[in-house]
Amino acid sequence: MALDRPTERRDEVQVAMGNGNGVAPSQPSRPAGRPAATAAPYADRRLRLNPNAEHKPQDYSDVRGEYAPAVYSALERHLPPSLLDADRDVKLHFMRDILARYWPQGERNKVQRHREYRQRILHLYKPLHEELYNMHPSVFFLPTFLEAVRSNTEESFRSIMTEPIPGVYSFAMLQPTFCEMLLEEVENFEKWVHAMKFKIMRPNTMNKYGAVLDDFGLEAMLNQFMEQFIAPISKVFYPEVGGGTLDSHHAFIVEYGKDRDLELGFHVDDSEVTLNVCLGKQFSGGELYFRGIRCENHVNSETQHEEMYDYTHIPGRAVLHRGRHRHGARATSSGLRINLLLWCRSSVFREMKKYQKDFPSWCGECQREKRERQSQCVKATKMAFLRGSGGATI
């Protein structure tokens, strides 16, 4: 989103798990036709503020509806002890009743329209490259990247990465053939949309070109992409912003150049962790510039010199950063630049962020304020000591 005001506007519908105090609503709503006895016995039970790390959630991958299955799996760890061993349907009804309390009717309607839009596409669109729709690691990723993920250690990740500024990692990731296939698939989808006179939903409010990959059948593959290949890295490098609890994503393609978007303004992403991979084609310009990590309270604060960094895109090479790392894209001066974006999110982190105390460790401005306050406290203590000792020195 653009940094033109301190309050963040979310481009995608997000789900809050709880009402801000860790307590389930005393009278959760019940959709028509649902047996009252199923959820009512637990209606006044409290959610756990901290997740039960030892509990293994049930599988919700077959559940269809407003929320991704991973949201239910994450929320199940916060259920009261009396519910953990209940039947899955009982837990599911209970969680749906809770979640429904925090989703305004307008947003429900928006998501319903998007679901109908997606279902229509999936019913009518014929993929060009069927192999893209299932995960094939050796076809998609470079051997060096695969070996680092298999080793799954900080040392193995760092062996293939550069970290030009703290928290921004760059590494070779995608096979050229995968980039080519994905570009051809997106081009095929866009031609199909045009031929069908079908209005395409763009990735967000800032990009007028591009497509949401989840909308035409790639959601399951990209969820594996996140869980198996991005989450292990994020768990090591971004634990303080939910890197270890990523459970949903928003994946899309952006296009820059003549007759496309030219540049992208200064903004933060609606994600905990963002993966940005250049797919091609031939282009010049389009550098990604970074300007420091900020919380909601400091999103428009000044940039320090050491926070400034410009990144030059290379096809097949990825850049990984926190969603709250402020950035923008300079104008693509010639050619066509197309990038794959994967916004990785943690519903648990978003809920727990409500209980964040002052000075979150990941916000550069918060940390500067903290150091300044500590410095002032030290000075005040010294002055008080000197006054108490009559100004004597040792």
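Predicted model: local features only at pLDDT ≥ 70, side-chain atom pairs only at ≥ 80, totals over all residues.
Where is the place of lysine 281? Lysine 281 sits in the loop between strand 6 and strand 7 (283-285). The protein chain has 394 residues, and 49% of them count as buried. Its secondary structure comes to 12 helices and 12 strands.

**Confidence and overall build**

- The average pLDDT of the protein chain is 83. A score of at least 70 is reached by 84% of the residues.
- Residues 4-40 are a stretch where pLDDT stays under 50. For this stretch the model has 86 contacts beyond four places in sequence.
- Take the contacts between residues at least 6 apart in sequence: 80% of them join residues at least 24 apart.

**Helix 2 and its neighbours**

- Helix 2 is mostly covered, with 6 of its 8 residues buried. The buried residues are Ala70, Val71, Tyr72, Ala74, Leu75 and Glu76.
- Those buried residues pack against helix 3 (81-84), helix 4 and helix 11 (347-352).
- Two packed helices are described by the angle between their axes and the distance between the axes.
- Helix 2 (residues 69-76) and helix 4 (residues 88-100) meet at an angle of about 100 degrees. Their axes are 11 Å apart. Angles of 65 to 115 degrees count as roughly perpendicular, so helix 2 is roughly perpendicular to helix 4.
- Helix 2 brings Val71, Tyr72, Leu75 and Glu76 to the contact. Helix 4 brings Lys91, Leu92, Met95, Arg96 and Leu99.
- By type, the residues of this contact are 6 nonpolar, no polar and 3 charged.

- Strands of a sheet pair through backbone hydrogen bonds, either parallel or antiparallel.
- Strand 10 (residues 317-322) is mostly covered: 5 of its 6 residues are buried.

- An open sheet is formed by 4 strands in the order 5-11-8-9, with antiparallel pairing.
- Strand 5 (264-267) and strand 9 (308-311) are the edge strands, and each pairs on one side only.
- From one strand to the next, the twist averages 20 degrees.
- Strand 8 (residues 288-293) and strand 9 are joined by 4 bridges in the antiparallel sense. Tyrosine 289 stands opposite aspartate 310 in strand 9.

- Cysteine 278 lies in strand 6 (residues 273-280). Is cysteine 278 buried or exposed? Its relative accessible area is 0%, so cysteine 278 is buried.
- Cysteine 278 and isoleucine 338 are 60 residues apart along the chain, yet their C-alpha atoms are separated by 6.2 Å.
- Leaving aside residues up to four places away in sequence, cysteine 278 touches Phe283, His313, Ile314, Pro315, Gly316, Arg317, Arg337, Ile338 and Asn339.
- Histidine 129 lies in the loop between helix 5 (105-124) and helix 6 (137-140). Buried means under 20% relative accessible area; histidine 129 has 14%, so it counts as buried.
- Beyond residues up to four places away in sequence, histidine 129 touches Met181, Glu184 and Glu185.

- Most residues other than glycine have a negative phi, and most peptide bonds are trans.
- Lysine 197 has a positive phi, near 55 degrees. This residue is in the loop between helix 9 (176-196) and strand 3 (211-212). Its relative accessibility is 76%, so lysine 197 counts as exposed.
- Aspartate 259 has a positive phi too, near 65 degrees. Its place is in the loop between strand 4 (248-257) and strand 5. With a relative accessible area of 57%, aspartate 259 is exposed.

Technical notes: Residues numbered from 1 in each chain as written. Heavy atoms only, no water. Axes fitted to C-alpha atoms, helices over the stretch in contact; angles between N-to-C directions. Helix = DSSP H or I, 4+ residues; strand = E, 2+ residues; numbered from the N terminus. Parallel < 35°, antiparallel > 145°, perpendicular 65-115°, else oblique. Contact = heavy atoms within 4.5 Å. Nonpolar A, V, L, I, M, F, W, Y, C, P; charged D, E, K, R; others polar. pLDDT = per-residue confidence, 0-100. Buried < 20%, exposed > 50% of the residue type's maximum accessible area, 1.4 Å probe, protein only. Pairing = 2+ DSSP bridges.
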